[in-house]
Amino acid sequence: SSCCSTNALLQGKRVLITAGPTREAIDPVRFLTNRSSGKMGYAIAKAATAMGAQVTLISGPVALECPPRVQRIGVESAADMLVATQAHATDADIFIATAAVADYTPISVAAQKIKKNADVLELAMKKTTDVLATIKLAHPQLFTVGFAAETNDVMAYARGKLERKGLDMIAANSVADGKAFDQPTNALEVVWKDGHTSLPEMDKHTLAHELLKLVAAQYHTRKP
Ligand code: CTP
Ligand code: CA
């Protein structure tokens with residue numbers, strides 16, 4: 001099915017994707033990050049390209065090759081990801097935020113390597129700017145898809161994020177018991193304003209294709 005029936009669903013559409021983790025510097029040699037591998041975002045980038053889209057991938061540090069014909073822009077911090085995404089949002093038709101963006105960043109970066117003098121080290125942190133919510137607010141016409149990683153109450157939290165961030169669609173997954181993060185497979189609960197569907201556990205490439213079929217259907221039928 002992936003080769004023949006869906007290969008023009010996103011023909012000529014510009015799809016902007018964030019993927020991977022971010023790195024928040026503590027000092028010149030240390031940073032905080034998370035377990036995101038970027039696999040889901042890269043699989044979506046590849047599948048969108050196969051469906052005829054022009055893809056820009058804003059990527060945190062990952063150990064993955066850029067899919068053919070995808071324009072990749074590498075970033076490190078949540079703040080970098082925001083700037084790079086803003087720079088490419090104006091041209092986009094569809095925005096899919098798969099990145100595991102740091103929610104907090106150190107208030108200040110130590111200019112020199114922190115020495116192990118204190119027995120207890122406290123790190124003061126502040127909230128980062130939400131890339132997804134910021135982009136949607138600035139570009140209400142941009143068809144915007146969020147991801148939600150939850151350990152519990154998956155559907156309720158997903159709908160909350162859909163509404164709070166004003167999204168067109170959200171793809172939620174359970175990350176309880178080590179699921180999803182850095183795994184080859186994933187399962188998604190996909191939720192939009194007046195519907196939802198479950199995509200059962202499958203290979204991330206197949207899942208990316210199934211998700212994009214839902215995105216294309218909602219994108220092409222949405223009300224003005
Ligand atoms: N997201 C973002 N920028 C942030 C935080 C999150 O763009 N600073 C995006 C993610 O890429 C994802 C969506 O927001 O598409 C939801 O991320 P998630 O971590 O599940 O939700 P949060 O809103 O950060 O809330 P919490 O972590 O408390 O569940
Ligand atoms: Ca978060």
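Visitor: How many residues lie between β2 and β3 in their hairpin?

Guide: First, a word on the source: this is a predicted model, where local features need pLDDT of at least 70, side-chain atom pairs count only at pLDDT 80 or more, and totals for chains, interfaces and linings use all residues. Residues are numbered from 1 along each chain as its sequence is written, chains are lettered from A and ligands numbered from 1 in the order in which they are written, and side-chain values use heavy atoms, leaving out hydrogens and water. Strands here are DSSP runs (E, at least two residues; helices are H or I, at least four), numbered from the N terminus, and two of them pair if DSSP finds at least two bridges between them. β2 (residues 24-27) and β3 (residues 30-32) pair in the antiparallel sense over 3 bridges, and the number of residues between them in the hairpin is 2.

Visitor: Which residue of β3 is the bridge partner of E24?

Guide: Look across the antiparallel pair of β2 and β3. The partner of E24 is L32.

Visitor: Which strands stand at the edges of the open sheet, and why is one side of each left without a neighbour?

Guide: The 8 strands run in the order β5-β4-β1-β6-β9-β10-β11-β12, with mixed pairing. Each edge strand has a single partner, so one side has no neighbour in the sheet. The edge strands are β5 (71-74) and β12 (195-203).

Visitor: In which sense do β9 and β10 pair, parallel or antiparallel?

Guide: β9 covers residues 143-150 and β10 covers residues 169-174. One bridge links F147 with A171. Over 6 bridges, the sense is parallel.

Visitor: How far is a backbone N or O atom of F147 from an oxygen atom of ligand 1?

Guide: A polar backbone atom of A97 is 2.7 Å from a ligand 1 oxygen, and for A149 the distance is 3.3 Å. For F147 it is 2.9 Å.

Methods. Polar contact = N/O pair within 3.5 Å; in protein donor to acceptor, adjacent residues only side chain to side chain.
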